[in-house]
Amino acid sequence: MRLQGKVAVVTGGSAGMGRAIAELFAREGARVVVNYNESRQAAEQLASDIRAQGGEAVSTRANVANDDEVREMMGQTAERWGRLDILVNNAGWTRRTPHHLLDDLSDEIWDRTLNVNLRGTFYCIRAAAPLLLKQPGACVINIASVAPYTGDGSSIVYAASKAGVISITKSFARVLAPHVRVNAIAPGLVHTAFAGWPPETFERGADQSPLKRIATVEDVAAAAKFLAVDATAMTGETIRVDCGGISLRHGRL
């Protein structure tokens, strides 16, 4: 078990990619804080399932867009387990808004998207930094998106927020070096309920992919494990998990 004795906070950990990461980290021996904002039942059930399988996990509510709640979550983690080794900033929010419908992109959508996706990432790293700096080999893993590379995605502001996550990843990699590594994962289309895509979107994505499939939540979790365990010479990097969609998007010659 590669993460034995480590403590990890996974924000937005009750479903989708966050859930897969929390489950994999727990199987690798980590003690996991499953963060949630609204999905209490799912988070508590996941923590219970991890404990039933011999792991250690707790569920903790905190709105990552609220600095006080984030600081409280980190404080509870330190009080319970005395350390923090890994922070996974997975919590996110979006509302699908077709890019050409500019007037539909309301201030409410702008504010909530940026507050959760971008400000929340900043708040979590800032609050976690004093704990992470005490642990050799500590790291931060931010979940970004391929949307900044394509200018596509569920909305214009979503793509912009994830571009900001990639930028923050580089900034914090500088700030926390050499003690804490900070990297990001940019998933492509992944079959989750996050953005409410219809089934045909996933089918079309798989058909257009060089690998003729889309990435799974398990693929993203495996990338997170790599960054936490093996990527000891990497910081400030963003790795894409999109079945070659960006690198090979122009097709064969």
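**Salt bridges and a helix pair**

The count comes to 11 salt bridges, a salt bridge being a side-chain nitrogen of Lys or Arg within 4 Å of a carboxyl oxygen of Asp or Glu. This is a predicted model, in which local features need pLDDT of at least 70, side-chain atom pairs count only at pLDDT 80 or more, and totals for chains, interfaces and linings use all residues. Residues are numbered from 1 along each chain as its sequence is written, and side-chain values use heavy atoms, with hydrogens and water left out.

One of the pairs is Arg83 with Asp85, whose closest N and O atoms are 2.7 Å apart. Which of these partners is buried (under 20% relative accessible area; exposed is over 50%, partly exposed in between; 1.4 Å probe, protein chains only)? Asp85 is buried, at 2%, while Arg83 is partly exposed, at 24%.

Arg61 and Glu69 also meet in a salt bridge, at 2.9 Å from N to O. Arg61 is partly exposed at 41%, and Glu69 is partly exposed at 25%.

I turn now to the helices. The axes of H3 (residues 67-81) and H4 (residues 107-132) come within 9 Å and cross at roughly 30 degrees. H3 is therefore roughly parallel to H4, since angles under 35 degrees count as such. Contact, meaning heavy atoms within 4.5 Å, involves residues including Val70 and Met74 of H3 and Ala127 and Leu131 of H4. The contact residues divide into eight nonpolar, no polar and three charged, where Ala, Val, Leu, Ile, Met, Phe, Trp, Tyr, Cys and Pro count as nonpolar, Asp, Glu, Lys and Arg as charged, and the others, Gly among them, as polar.

Conventions:
Axes fitted to C-alpha atoms, helices over the stretch in contact; angles between N-to-C directions. Helix = DSSP H or I, 4+ residues; strand = E, 2+ residues; numbered from the N terminus. Parallel < 35°, antiparallel > 145°, perpendicular 65-115°, else oblique.
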